[in-house]
Amino acid sequence: MKEGVIRFLEGVGHAARFAGRALTQAVRPPYEPAETWRQLFELGVRSVPLIAAAGFAVGVVLSLHTRASLARFGAEALIPAGLAIALVRETGPLTAGLLLSGRIGAGIGAELGAMKVTEQIDALEALAVDSFRYLVVTRVVACIIALPILTTVMNFTGLLGGFTAEAAITGIGFEAYFRQAFYPIDFADLVPATLKTMVFGFIIGTVSSYLGINTTGGTEGVGRTATRSVVMSSIVLITTNVLLVRIIFFLFPQRE
């Protein structure tokens, strides 16, 4: 029991040091703009269809459930505003983070894991290439940039899904719906949510890269790494989200 706890704490310490190294190198030159843009395309642009479809579905479901609840009190007019607040503050960032921890986390873990077991990372080092900066930092930066953009896509498609559901039921117009939806939203809602998604991107990038770089066990190890990347990224993301929500409520008490 004691040895297991010690090994766990050692693993946490190594992961924290890995994350700190990734963060410091991300802001120090030299940079890898070409590889970062490539990762942005692979991790960000290719995730848009998934995020858009999921956001639309979430918007439809939330709208229908919200209508069922508010109809009891004759408050159907608040549905657009309620949906927008729920998406922007919490549902959009958390759902996008969990979806991307599955797609991006598994991809990064499997890719770096395969490079590790086939000794491609050692080959890069032999060619005098900083493998950590080239493989890890570029992916972490791409995740930090991509998450806020993809969350915005999810929020918009979620509102579009809510509008589709409401238009089918009540016939509300597009302009009227979005005017009601955006009326209660201000920067005190947008800024904390955007910063939170950047933290989510950092978590997904660092956790997946750390597990990928430390892959062992050949091809079977690559499969285990892909699975662990999804699970660990999701667990750390959810746990961190609880802390971030409390921090946001502390910094913006009027929004609680």
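Visitor: Why is phenylalanine 163 called buried?

Guide: Buried means under 20% relative accessible area, exposed over 50%, and partly exposed in between (1.4 Å probe, protein chains only). Phenylalanine 163 has a relative accessible area of 15%, so the residue counts as buried. This is a predicted model, where local features need pLDDT of at least 70 and side-chain atom pairs count only at pLDDT 80 or more, while totals for chains, interfaces and linings use all residues. Residues are numbered from 1 along each chain as its sequence is written, and side-chain values use heavy atoms, leaving out hydrogens and water.

Visitor: Why is the pair of phenylalanine 163 and phenylalanine 174 called edge-to-face?

Guide: The centres are 5.3 Å apart, and the planes stand at 85°, so the rings pair and count as edge-to-face. Phenylalanine 163 lies in helix α6 (residues 131-170) and phenylalanine 174 in helix α7 (residues 174-182), so the pair ties together parts that are 11 residues apart in sequence. Helices here are DSSP runs (H or I, at least four residues), numbered from the N terminus.

Visitor: Which residues form one aromatic cluster?

Guide: The cluster consists of Phe156, Phe163, Phe174, Tyr177, Phe178 and Phe182.

How values were computed
Rings of Phe, Tyr and Trp (its six-membered ring) pair if their centres lie within 6.5 Å; planes under 30 degrees apart count as stacked, over 60 as edge-to-face and the rest as tilted. Helices (H or I, at least four residues) and strands (E, at least two) are DSSP runs, numbered from the N terminus.
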